[in-house]
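Hello,

Here is the structure for you to look over. My notes follow below.

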Amino acid sequence: MSATAICLFGSFFLLLFLNMPIAVALGLSTAITLLLFDLPIQSLPPTLYSSLTKFTLLAIPFFFLAGLIMERAGISKRLIQLAQTLTGHFTGGLAIVSVVAACFFAAISGSGPATMAAVGAIIIPAMVKQGYRKDMSAGLLATAGGIGIIIPPSIAYIIYGVIAEVSIGKIFMAGIVPGLLMGAILALTGYMIARKEQIPTLPKASARDIVAALKDASWGLMAPVIILGGIYTGIFTPTESAVVAVFYGLFVGIFIYKEIKIKHLPSLLVESAKTTAMIMLIVASASTFAWLITVEGIAEDLANSLMSIAPNTITMLLMINLVLLIAGMFVDAISAFYIFLPIFLPILTMMDIDPVHFGVMMTMNLAIGLVTPPVGLDLYVACGLAKISLKEISKGVIPFIVASILALLVITYIPSITLWLPELLNMK
């Protein structure tokens, strides 16, 4: 490894160890390396600016805002009620409900923490009341929240598409089946734990209750149909679909469910703006980091080193999964894309790995990272909702992390699961 690479990565991890915010650590380590090695530091401002002037990135603030609006509009609680009437009477019914509801909301919000917060605030207390262990309930919801970045629309896929120059519509379509597969495996794990611990079931809902719940949740169910249907039929782009999602959520919240008032809009806009500002700061800083990795040949050197260690596709994909799972314990998904993609993209070309399949695989890794200590964001959200410590939830989340890794390995080594839907629709 070159002296430039040692300085760049060494200063980055040192700053993280000193508890610097990740956006600051990325930007500062880049600046330190440029100064120490007499590299063109004047390239930083245009790189920062150009990283943010991409039309596709406009989708991020709008999807965040859409998720906030639809949660505040009461869509999430109606989706949970529908899932509960359909599956609550099964063994592990509420565990299944939590995963089903997470999949529903994932198809609206595009964000793991948003999905976790919207569903967990309602489901975790209900599960504990029915007899589920608090650490198990919080662990399941934290892991299910990760589905929020696997099932489209997904902010993670937008970032990946921008960096890897992959069709966002195609990777959106490719993420549907893997997201549902992870949901199914998590639901099965919840069922097995509930059966082992003999958790009581809910009464079976009547046909009238099911029809009423379906009718009440129909506006929420229409949201992903409109958002994704518009993208896949070519009516609007992924960025435009995020704007459509915002106005659809406002229409439902103000005029249908009447749970959003005009006076609520400023607080929703401010909350969305704060989150967007944080994300965009990470994007800008990470872009300069990725730029330096590329222009100094660090990415190519690291790619060649990995190729020498893992000369075939099977071992390479396993090694990449291990690297990403470890990285997910310390850095957020957006930073991981910018740090590692410049290194991995040459490998995809040399080993003829489909970039769409790889994007879904990488996103699944980073979804698991959302629930792995010490930095898993969904873990901290779940801890707050369940009012338990990180130590307690770390025990409850282990079975679900294992289940998620199993789903990841299936997707990694059977790429047809990811690619058959885009290929069926002949997406480019």
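Helices here are DSSP runs of H or I with at least four residues, numbered from the N terminus. The expected span of a helix is 1.5 Å times one less than its number of residues. This is a predicted model: local features need pLDDT of at least 70, side-chain atom pairs count only at pLDDT 80 or more, and totals for chains, interfaces and linings use all residues. Residues are numbered from 1 along each chain as its sequence is written, and side-chain values use heavy atoms, with hydrogens and water left out.

**Helix H20**

Helix H20 covers residues 390-413, 24 residues in total. From first C-alpha to last it reaches 33 Å, close to the expected 34 Å. H20 has a kink of about 40° at Val 397, shortly before Pro 399. (That bend is the angle between axes fitted to the seven residues ending there and the seven starting there.) Buried residues (under 20% relative accessible area, 1.4 Å probe, protein chains only) in H20 include Val 397, Phe 400 and Leu 408. Among the helices covering the buried residues are H8, H11 and H16.

**H2 and H14**

Helix H2 (22-36) packs on helix H14 (265-295) at about 30°, with axes 8 Å apart. Axes are lines fitted to C-alpha atoms over the stretch in contact, and angles run from 0 to 180 degrees between N-to-C directions. H2 is therefore roughly parallel to H14 (angles under 35 degrees).

**Thr 85**

Thr 85 sits in helix H5 (75-87). Thr 85 is buried, at 8% relative accessible area. Beyond four places in sequence, Thr 85 touches Ala 205, Asp 209, Ile 210 and Ala 213 (heavy atoms within 4.5 Å).

Best wishes

Terms used: Helices (H or I, at least four residues) and strands (E, at least two) are DSSP runs, numbered from the N terminus. Buried means under 20% relative accessible area, exposed over 50%, partly exposed in between (1.4 Å probe, protein chains only). Angles under 35 degrees count as roughly parallel, over 145 as roughly antiparallel, 65 to 115 as roughly perpendicular and the rest as oblique.
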